[in-house]
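Subject: Structure for your files

Hello,

Here is the structure you will need, with the sequence alongside. My notes on it follow below.

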Amino acid sequence: MLALGPLLFTSSIVGYSFYSSLKRIWHVANRVSVKPGINDEIFSDDKLELFLERFEGESREIFHKRDELIELMNLQPGQHICDLGAGTGLFMESFAQKVGSSGIVYHVEPSQKFLNYLQQRHKSLDLSPSISQIKTCTEDKIFLPHASVDSVIVIDTYHHFQYPNDTLAEISRILRPSGRLIVIDFERIPGVSTEWVLGHVRAGKEVVLQEILSNGFSLVEDIKIMKENYFLIFQKKKIIENKK
């Protein structure tokens, strides 16, 4: 009779795992994209030169202010950070310099063409693989361990989140307690923003703010140094256990 204890416990664990898997499959099958097709161009095999010009052209506000943005992020030596949606790796060298030899930067990107380019850039900069690492991801899964990073940095990428609640849950999972989420993205203001932004970016700052706040984050800072982009810093809320 005593031997039944471990067996029943194991069975319950297996049953829970099976139920969780079914629940996950159902969720993925029934979720609805907030912007269908937003990533079609990202996942195509061509147009790399177009993205290089778009991401690293002098006309891009973020490119022009990149040094100032890095300073305002207040990254520290020894920190582990995730550059989510790293694209062409515009900040690769700067991030590595900020965290130093005792830190780690994960450049996380779902598109194979950008992953290939990130590898080339990493090699040309001669960065240590122990400091600067390139990782893949999916639209709802970041392949990093639980509570492994101090900051997740999302630059002109949030508007590509097709399933923001799922992605924010993953960001929260990989962040350490009180870790930070840094979001820089396009202002979307009818009558002010360009036609390209109005057509490409699904939502403005207020909608993004509400989505992030409703997923376990609090706003720490709203830095106003750009005209075309907003710059928000959030902190993961601490989970307070009820003690009786």
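A residue is called buried under 20% relative accessible area, exposed over 50%, and partly exposed in between, with a 1.4 Å probe and protein chains only. Ser-218 has a relative accessible area of 26% and is therefore partly exposed.

On provenance: this is a predicted model, in which local features need pLDDT of at least 70 and side-chain atom pairs count only at pLDDT 80 or more, while totals for chains, interfaces and linings use all residues. Residues are numbered from 1 along each chain as its sequence is written, and side-chain values use heavy atoms, with hydrogens and water left out.

Ser-218 first. This residue lies in strand β6, residues 217-223. Strands (E, at least two residues) and helices (H or I, at least four) are DSSP runs, numbered from the N terminus. Contact means heavy atoms within 4.5 Å. Leaving aside neighbours within four places in sequence, Ser-218 is in contact with Leu-213, Ile-233, Phe-234, Gln-235 and Lys-237.

Of its 244 residues, 46% count as buried. The accessible surface (Shrake-Rupley method, 1.4 Å probe) comes to about 13600 Å², and carbon and sulfur atoms hold 56% of that. Among contacts with a separation of 6 or more, 73% are between residues 24 or more positions apart.

Now two helix pairs. Axes are lines fitted to C-alpha atoms over the stretch in contact, and angles run from 0 to 180 degrees between N-to-C directions.

Helix α3 (residues 48-56) packs on helix α7 (residues 112-125) at about 65°, with the axes 11 Å apart. The two are therefore roughly perpendicular, a label for angles of 65 to 115 degrees. Leu-48, Phe-51, Leu-52, Phe-55 and Glu-56 of α3 meet Lys-113, Phe-114, Tyr-117 and Arg-121 of α7. These divide into 6 nonpolar, no polar and 3 charged residues. Here Ala, Val, Leu, Ile, Met, Phe, Trp, Tyr, Cys and Pro count as nonpolar, Asp, Glu, Lys and Arg as charged, and the others, Gly among them, as polar.

Helix α5 (residues 66-73) and helix α6 (residues 92-99) cross at roughly 30°, their axes coming within 11 Å. Ile-70, Glu-71 and Met-73 of α5 touch Ser-94, Phe-95 and Lys-98 of α6. That contact has 3 nonpolar, 1 polar and 2 charged residues.

Regards

Notes
Angles under 35 degrees count as roughly parallel, over 145 as roughly antiparallel, 65 to 115 as roughly perpendicular and the rest as oblique.
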